[in-house]
Structure formats: C-alpha cells, structure tokens
Amino acid sequence: MELTIGLSTFAVGAAALAVITLAAGVKMIPQGYVYTVERFGRYARTLESGLGLIVPFVDRIGRRVNVMEQVIDVPSQQAFTRDNAGVTIDAVVFYQVLDAARASYEVSNLDLAMTTLTMTNIRTVVGAMDLDQLLAHRDEINERLLRVLDAAAAPWGVKINRIEIKDIVPPADLAGAMARQMKAEREKRASILEAEGQRAADILRAEGRKQSAILEAEGRREAAFRDAEARERSAEAEAAATGMVSRAIAEGDIAAANFLVAEKYVDAVRALATAPNQRVVVVPIEAAALAGTLGGIGELTRAVFGEANPPRRAGTPPNVAAPRS
C-alpha cells in the first residue's frame with residue numbers, strides 16, 4: 001500500500017514537473033515587442049511577436065525590446081551660437097529599434113544614450129550657426145541633427161526617424177533688441193512702399209497731364225485745320241463771286257458792280273454799328289454818294305425782277321434811280 005501511494009505521488013510530481021517545464025518553454029510575445037533568448041547567459045536568438053518556444057532550464061528570456069516608434073523628450077539646455085548668443089533649446093527625437101540584439105547588448109541604457117547624444121549634437125550644430133540663421137532655419141537644423149544622430153545610432157541597431165526642435169528661446173534683452181529691429185524693419189518697408197506708391201501716383205498724374213496736353217494739341221490742330229479749310233472755302237467762294245462780278249462788269253452790267261459796292265458798304269457800316277466798344281457812329285459820307293449807292297441797289301433789284309428802268313429825274317445822280325410816282 002505504501003509503495004502504491006509513493007508511486008502515485010511520484011507520478012503526480014512528474015506530471016506537475018512536466019507541465020511546469022512545458023509552461024516554461026512556451027512564451028507569448030505581444031505585438032510590437034521582441035524578446036531576446038539567452039542560453040547559459042549568452043545571446044542565442046530573437047523571438048518575434050506571437051508564440052515562441054525555448055528550451056526550459058537552458059534558455060531564458062533576456063531583454064524585452066519595444067520595436068515600435070518611440071519618442072524621447074530631450075530636456076531644455078543652454079547653447080551658444082557662433083556669434084556668442086546664448087539660447088535655450090528644446091527638442092524631441094523619434095526613433096525605432098531595428099535590431100533588438102544590438103539595442104540590448106551594444107548599449108546598456110538606450111534612452112539615456114539617445115538623450116545624451118542628442119543634447120551633445122544640438123550644442124555642436126548650434127555653435128556652428130549665427131543667431132539669425134538659427135532662428136530662421138529650423139528645418140536645416142533638424143536635417144543636420146537627423147543626419148548626425150542617425151549615423152551615430154546605427155551601431156546600436158536604432159533608426160532615427162526624425163528630430164524636431166520644439167522651441168528656441170533667446171535671452172530677454174536680446175529678444176527686446178530683436179523686437180525693436182523687427183519694428184524698424186517693418187517701418188522701413190512701410191516707408192518704401194509709401195514712397196513707391198507716391199512715385200507711381202506722380203507718374204500716373206504726369207501721364208494724365210501728358211495725354212491731356214496731347215489731346216488738347218490735337219484738338220487745336222484739328223480746329224486750326226478746320227478754320228483754314230473754312231477760310232479756304234470762303235476765299236474760293238469770294239473769288240468765284242468776284243469772278244462773276246468781274247465778268248458781269250466786263251459784259252457791261254453796271255448793276256453788278258453797284259451791288260458789290262453796296263454790299264461791302266453795308267457790311268462795313270454794320271461792323272461799325274455792332275462793335276462792342278462803340279456807342280456813337282459818325283459817318284462822314286456825302287448824301288449824293290449814299291443816294292447813288294442806294295440807287296444802284298434799287299436798279300439792281302429792278303433788273304433782277306425784270307422791271308423797266310424809269311426815266312432819270314433832273315438833279316439825280318446818274319447812278320441813282322428816279323423815285324417811282
């Protein structure tokens with residue numbers, strides 16, 4: 001009976017040991033992590049996410065490595081630029097472990113090593129740039145830091161995806177000077193723009209005056225041309241009328257000459273009478289000459305309408321028609 005109880009206890013113990021051994025050899029690795037396997041304290045292999053098997057009591061899990069992208073918040077630090085301006089810089093680093101074995105066994109504290117490496121290289125990059133260049137070219141700073149850090153972290157099996165400068169804070173007195181400089185620069189640009197606007201306005205006004213003068217000159221030219229043309233037409237008409245009168249006189253028609261003289265006489269008297277600065281007109285002309293002129297007009301009228309010339313009265317000038325009874 002005692003032997004049976006002993007065998008049963010041994011069997012139960014052996015079964016329990018087998019279950020414990022099996023459980024020790026099966027490992028569940030979560031997504032985003034990898035486990036390193038050490039055999040007798042030395043790295044043997046790497047278990048990916050999922051179900052992994054190891055040799056119990058021979059192998060053991062060494063490091064649990066996060067292979068997802070991680071971020072390190074680099075503490076604020078003081079750095080000096082090439083022109084000896086002290087600035088405070090904050091940065092963040094995004095990295096990812098690509099080789100779990102090297103990240104576990106090539107460096108003892110990966111986060112501390114990454115932080116120290118970033119801070120050192122930030123001071124190096126800042127010291128090679130002027131303050132104005134540092135404030136205006138953050139992308140260039142990020143690119144240079146990324147290139148340097150990625151090359152330095154490659155032996156650790158780490159890939160630096162990106163590095164971002166969060167803030168660059170200059171000293172308070174330097175910030176005030178920069179604000180005054182910015183204000184002066186903006187006032188300068190405003191003055192330049194105002195001057196350019198005034199210049200453009202002056203040019204436009206001058207162009208307007210030029211165009212106005214050109215149009216006015218063209219108008220005067222056109223008016224002069226029209227006046228000259230009118231005078232030419234008037235002269236041609238006057239010449240034609242004079243020619244007609246000359247031909248009439250040559251043919252013996254005295255009435256035409258009398259008409260021409262009378263017309264010129266009346267026009268002269270009208271011009272004297274309608275002058276704006278003339279109120280009294282004194283015409284020192286003999287009555288006989290005036291009567292003769294009027295008589296010539298009367299004879300011309302009768303000739304036009306076909307009336308016969310009446311006999312001239314005694315005492316009447318030869319070129320004055322006798323009054324009708």
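Student: What makes strand E2 (residues 33–39) largely enclosed by the rest of the structure?

Tutor: Buried means under 20% relative accessible area, exposed over 50%, and partly exposed in between, with a 1.4 Å probe and protein chains only. Five of the seven residues of E2 fall in the buried class, so the strand is largely enclosed by the rest of the structure. In the chain of 325 residues, 24% count as buried. This is a predicted model, in which local features need pLDDT of at least 70 and side-chain atom pairs count only at pLDDT 80 or more, while totals for chains, interfaces and linings use all residues. Residues are numbered from 1 along each chain as its sequence is written, and side-chain values use heavy atoms, with hydrogens and water left out.

Student: How do you know that E2 pairs with E5 and with strand E3 (residues 42–47)?

Tutor: Two strands pair if DSSP finds at least two bridges between them. E2 and E5 have six bridges and are antiparallel, with Tyr35 opposite Arg64 in E5. E2 and E3 have five bridges, also in the antiparallel sense, and Thr36 stands opposite Thr46 in E3. Both pairings therefore meet the criterion of at least two bridges. Strands themselves are DSSP runs of E with at least two residues, and helices are runs of H or I with at least four, numbered from the N terminus. The chain has eight helices and eight strands.

Student: Which residue in the hairpin of E2 and E3 takes a positive phi?

Tutor: Phe40 does, with a phi near 55°, in a hairpin that has two residues between the strands. Most residues other than glycine have a negative phi. Phe57, in the loop between strand E4 (50–53) and strand E5 (59–66), also has a positive value, near 65°.

Student: What makes strand E6 (70–80) and strand E8 (158–169) edge strands?

Tutor: The open sheet has three strands in the order E6-E7-E8, with antiparallel pairing. E6 and E8 each pair on one side only, and they are the edge strands. Neighbouring strands of this sheet are turned by 20° against each other on average, direction ignored. Strand E7 (residues 86–97) pairs with E8 over 10 bridges, and Ala91 stands opposite Ile165 in E8.

Student: Why is H3 called oblique to helix H5 (residues 138–153)?

Tutor: Axes are lines fitted to C-alpha atoms, for helices over the stretch in contact, and angles run from 0 to 180 degrees between N-to-C directions. Angles under 35 degrees count as roughly parallel, over 145 as roughly antiparallel, 65 to 115 as roughly perpendicular and the rest as oblique. H3 and H5 pack at an angle of about 135°, with their axes 10 Å apart. That angle makes H3 oblique to H5. Contact means heavy atoms within 4.5 Å; the residues making it include Met114 and Leu117 of H3 and Ile141 and Arg144 of H5. Helix H3 (residues 110–127) also lies across E6, E7 and E8, running at about 40° to E6.
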